[in-house]
Structure formats: structure tokens, C-alpha cells
Amino acid sequence: MYGRPRIHHVPSEDLLAGALPVGRFVHGLRRMLQEEPTLQRQVLRGEVGRWTRARSGHVYLTLRDDDGSMDAVMWSSRAPPQDFEEGAEVIVLGSVDVYPPRGQLQLSVERIFAVDRLGDLEAQRRRLIEALRNEGALDRARRPLPFFPKHVAVVIGAGSAAEADVLRLSEDRWPGLRRTVIGVLVQGEGAEGELVRGLEAAAAMADPSVAARRGNPPVDVIIVGRGGGSTEDLWAFNLEAVARAVLRMPVPVISAVGHEVDVVVTDLVADVRASTPSDAVERLVPVRADLVQHHDELEARLSTASMRRTHEARQGLLLLRHRLAAAPTTGFTAATRRLDALTGRMSRATEARLRQQQDVVNNAGQGLKRNVDQRLTADRARLAEMDAVLRSTDPRKVMERGYGMLHADDGRLITSVTQLRAGDALMVRLGDGQATTTVDRVEGGEHDG
Amino acid sequence: MDEAPGYTDALQRLEAIVAELERGGADLETTVKMFEEGTALLRVCQSHLEDAEGRVRRLRLDEAEAEVEGSGDA
């Protein structure tokens with residue numbers, strides 16, 4: 001009863017609708033594997049089983065040991081120039097991947113080292129350090145970091161946690177600090193080239209004219225680094241091209257690679273070695289609020305000290321005056337005398353002038369009085385004279401001697417008989433009174449009226 | 001930077017002036033001169049702080065290289 005399985009009926013519409021296209025399934029699987037950190041960028045050890053270099057330049061190999069094996073691929077851009085023998089002991093850096101057209105699980109290898117070559121790499125690193133030492137690069141005078149940066153360039157893993165740490169921590173310490181992050185590859189194939197190019201770009205931004213094109217002050221310090229990782233992950237920072245780029249930088253460089261324990265070649269050649277990217281920020285960026293507070297303190301002390309000095313000077317003058325009065329020394333006495341003399345002269349001058357003015361007034365007054373008196377005396381004398389004259393000519397004086405005066409009834413003085421007619425009423429004035437009378441007869445005179 | 005002193009130079013001079021004034025003993029004229037210089041240095045220090053403020057820019061490598069293109073360094 002064994003036979004080929006047969007399809008007895010077509011599945012329901014529901015089942016059809018829920019069925020996943022296999023390609024999507026494979027791609028989903030691939031994504032899951034790629035997002036699993038324990039399957040990515042693992043350092044594996046084994047021996048080379050198969051080794052085939054295709055015409056495209058890609059290398060297909062098998063990695064195996066006593067317990068298992070896995071197919072692996074090195075894309076042409078990452079394939080080493082030399083071929084490996086079957087059975088060679090190797091260490092690879094690789095990530096698990098699925099080749100979707102065949103759904104085949106494989107290891108994508110970024111780097112491969114013969115086990116004895118790892119030793120070679122370390123030996124290479126030592127030779128580089130020795131060469132740098134001989135050139136004096138390790139003993140060179142380190143440039144001091146600016147007291148605080150006006151434009152920091154940060155060459156670091158693009159979008160990495162280290163980048164975020166640097167930005168956040170620097171913002172905490174100095175809000176609004178001017179920063180330019182240049183995101184690069186910091187590990188794997190291409191990291192060496194990108195680190196060098198990133199550093200060169202940062203160096204160019206240190207040129208004032210280049211920076212000015214973007215309205216920025218020039219970059220005055222560079223942080224180059226990455227977060228923690230395996231020795232392999234950090235290896236790019238041990239490469240000669242990167243170390244030499246650090247040495248070429250026109251402004252101070254802080255090397256901030258990995259964790260505290262990691263020491264790479266850029267740490268040895270940089271102006272400052274920071275243990276981590278965060279440590280670089282702490283060394284470079286002061287807390288702005290502290291500086292502002294320091295300024296405020298200095299401002300207050302400046303004012304206080306200056307005011308006190310001015311106050312002291314004022315007090316000193318007062319004190320000096322008291323001392324001059326109390327215990328005069330020769331010099332001071334002379335000074336006081338001179339001062340007194342001056343004061344005396346001044347007051348005397350003032351008094352004299354006052355007196356002078358008063359004299360003028362007084363003299364003027366006296367003169368006036370004299371004039372008036374003289375005038376009055378003269379007038380009085382003249383009046384007496386006039387009085388005598390008047391007295392002598394006063395008709396009443398004559399009348400006192402028995403003469404009378406005749407007035408017409410209209411008051412006219414009668415001085416001639418021609419003024420009279422018989423029957424006119426006349427008033428006779430004598431010295432002590434008057435009387436009326438009538439004219440009886442008129443005699444004499446040319447008037448015949 | 002040629003005419004205005006750098007931050008640390010200005011700050012050190014300012015600190016020296018403050019210390020000198022606090023020690024006392026300078027004549028009044030010198031005191032006034034030091035006060036004026038100190039005030040000017042304080043302004044220099046404050047303006048340096050302002051100079052450090054700017055934008056935060058996150059550039060990809062190619063963006064950074066495009067920005068500095070033609071500088072002869074890149």
C-alpha cells in the first residue's frame with residue numbers, strides 16, 4: 001500500500017490566503033539572522049575544507065572542525081589576495097547569512113587569517129610601533145587641547161552608540177557646543193580607508209577659509225574613535241595608514257577607541273589618549289556653567305577690590321588731614337602752612353575786597369551828605385537873604401508905619417486918582433485890618449472923565 | 001585672535017589683576033587702570049564662550065568630503 005502521496009483535494013481559500021510565499025519566508029529568515037547579534041561578526045576558528053575562487057573574484061569555502069562544518073563566502077571586495085590550502089588553520093570574522101536563491105545557510109566572511117598570520121599581524125603592529133618610535137612620532141611634543149573647543153570634529157562610527165554618547169555628554173556639559181560629526185566605517189573592510197578619509201575631511205575643516213564657507217570657525221580639535229569591541233573590531237586603529245593620518249592632523253587629536261583596557265596604535269600617536277569616547281568628551285569639554293560661575297566670581301571680586309581701594313583712598317585722605325592737624329611733621333607743616341597761607345590770602349583778599357567796596361559806598365555816602373549839607377547851608381543863607389529883602393520890601397511893613405492900600409471893590413489896587421470917581425466904593429487896607437469907604441470927590445490927575 | 005587675547009591668556013591676566021587688586025597697595029590711578037583692564041578682559045572671556053556655540057552637524061563621510069572639496073587637503 002505504499003505509493004506516491006497524492007493530492008486528494010485542493011486547499012480551502014482560507015488556507016491559500018494564509019500561505020506565505022517561500023521567497024518572503026527566506027528573506028524573513030535572513031533578516032532574523034542578521035538582526036541576531038550572537039550570529040553576527042563572530043570570530044570563528046577552524047580549518048579550510050574547500051577553497052574555490054570564482055571568476056567573479058568571490059571565494060567560496062568551507063570551514064570545518066571535528067564537530068561540524070559550514071559553507072562560507074568571501075565577496076570579491078573582501079577576499080584576500082592569496083589562496084588558502086585545504087586544511088589550513090584559520091580564524092575568520094564572519095556573520096551568518098542566508099543565500100536567498102537557494103535558501104542556503106552560509107557564513108559571510110569579512111576577514112580571514114591563517115592562525116600563524118594572527119601572530120604576523122601582531123608582529124606587524126609591533127614593527128609599526130617600533131618604526132613610529134624610531135621616527136620620534138611616539139616622543140613628539142603633544143599639542144595641548146584647547147581650554148575649550150570652539151568647533152569639535154568627531155570621526156566616529158556612523159550612527160553608533162559611541163556617537164550618541166559623545167553628542168549627549170558634550171551637550172550636557174556645554175549646551176549648544178559647535179560639533180561636526182563625520183560618520184565612517186570603523187571596522188571591517190573599508191574601515192581603514194574611511195577613517196583616513198574622515199580624518200582628512202576633519203583636517204580640511206580646520207582650515208579657516210574652508211570652515212568659513214559654512215560660516216563656522218575652524219575645527220580646533222578632533223576626536224577619532226569608536227566604542228568597545230573585540231580586538232579584531234578595533235584593528236583598523238592599529239593600521240599604519242590610520243596612525244599616519246592622525247600624525248598629519250593640523251590640530252590636536254584625541255584617540256578614543258574601545259574600552260579602558262584596549263590600547264591601539266592611534267592611542268600611541270594621538271595628542272591625547274582617552275580610554276573611551278565619553279572619556280574624550282570629559283577631557284575636552286569643560287562644564288560651561290562652571291566657567292560662567294568663575295567669570296561671575298571674578299567680576300564680583302574685581303568690583304569689590306577696586307571699590308575698596310577707592311574707599312581706602314578716600315579714607316586715607318581724611319586720615320591724613322587729621323594726622324596733619326595732630327602731629328605735623330616738617331614737610332606736612334610746610335604744606336599746612338602753605339595751605340593756611342593760601343587760605344589766609346584768599347580770605348584776606350576777599351575781606352579786603354569787601355572792605356574796599358564798603359569804603360566806596362561809605363565815601364560816596366559821605367560825599368553825598370556833604371554835598372547836601374553844603375547845598376542846604378547855602379540855600380538857607382540865600383533864603384535868609386531873600387527873606388531880608390522880602391521883608392524890606394513888604395508893603396505891610398510900610399503900612400505898619402501908617403500907610404494904607406486902596407483897592408477897588410473888584411479887588412484892583414488903586415495907584416492913581418484917575419482910577420477913581422465920586423461915589424466909588426473903596427476898600428482901605430491897613431497893617432492890621434481893612435475898612436470900606438466911599439469916594440466923595442476926585443481932584444487932580446489928567447483924567448477928566 | 002591677533003588683536004584679542006585667547007581665552008586662557010585673558011583669564012590668567014584677569015585672575016592676576018584681581019589678585020593684585022585684592023592684595024591692595026596700588027595707587028588710585030593704577031587701581032582704576034587695572035579695574036578698566038579687568039573689565040575689558042572679562043568681556044573678552046565672555047565673548048570666547050559665546051564663540052563656542054553653534055550647530056551640531058552629523059555628516060556622512062561623502063557629505064563631509066563634499067563640504068571640504070577643493071581645499072587640497074581631502
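Contact here means heavy atoms within 4.5 Å. The model is predicted; local features need pLDDT of at least 70 and side-chain atom pairs pLDDT 80 or more, while totals for chains, interfaces and linings use all residues. Residues are numbered from 1 along each chain, chains are lettered from A in the order written, and side-chain values use heavy atoms, without hydrogens or water.

A:Thr276 sits in the loop between β10 (272–274) and α9 (277–284) of chain A. Helices (H or I, at least four residues) and strands (E, at least two) are DSSP runs, numbered from the N terminus. A:Thr276 is buried, at 16% relative accessible area. Buried means under 20%, exposed over 50%, and partly exposed in between (1.4 Å probe, protein chains only). Beyond neighbours within four places in sequence, A:Thr276 contacts A:Ala256, A:Gly258, A:His259 and A:Glu260. A polar atom of its side chain lies 3.0 Å from the backbone nitrogen of A:Asp279.

A nonpolar core is a set of buried Ala, Val, Leu, Ile, Met, Phe, Trp, Tyr and Cys residues joined through side-chain atoms within 4.5 Å. The largest such core has 47 residues. Among those with the most contacts inside it are A:Leu132, A:Leu195 and A:Val224. Helix α5 (residues 191–205) of chain A gives the largest share, 9 residues. A second, separate core of 41 residues includes A:Ala256 and B:Cys45. Leaving aside neighbours within four places in sequence, the contacts of A:Leu195 include A:Val155, A:Val224 and A:Phe237.

A:Arg41 lies in the loop between α2 (22–34) and β1 (42–53) of chain A. A:Arg41 is not a glycine, yet has a positive phi of about 50°. At 25% relative accessibility, A:Arg41 is partly exposed.

Definitions and conventions
Polar contact = N/O pair within 3.5 Å; in protein donor to acceptor, adjacent residues only side chain to side chain.
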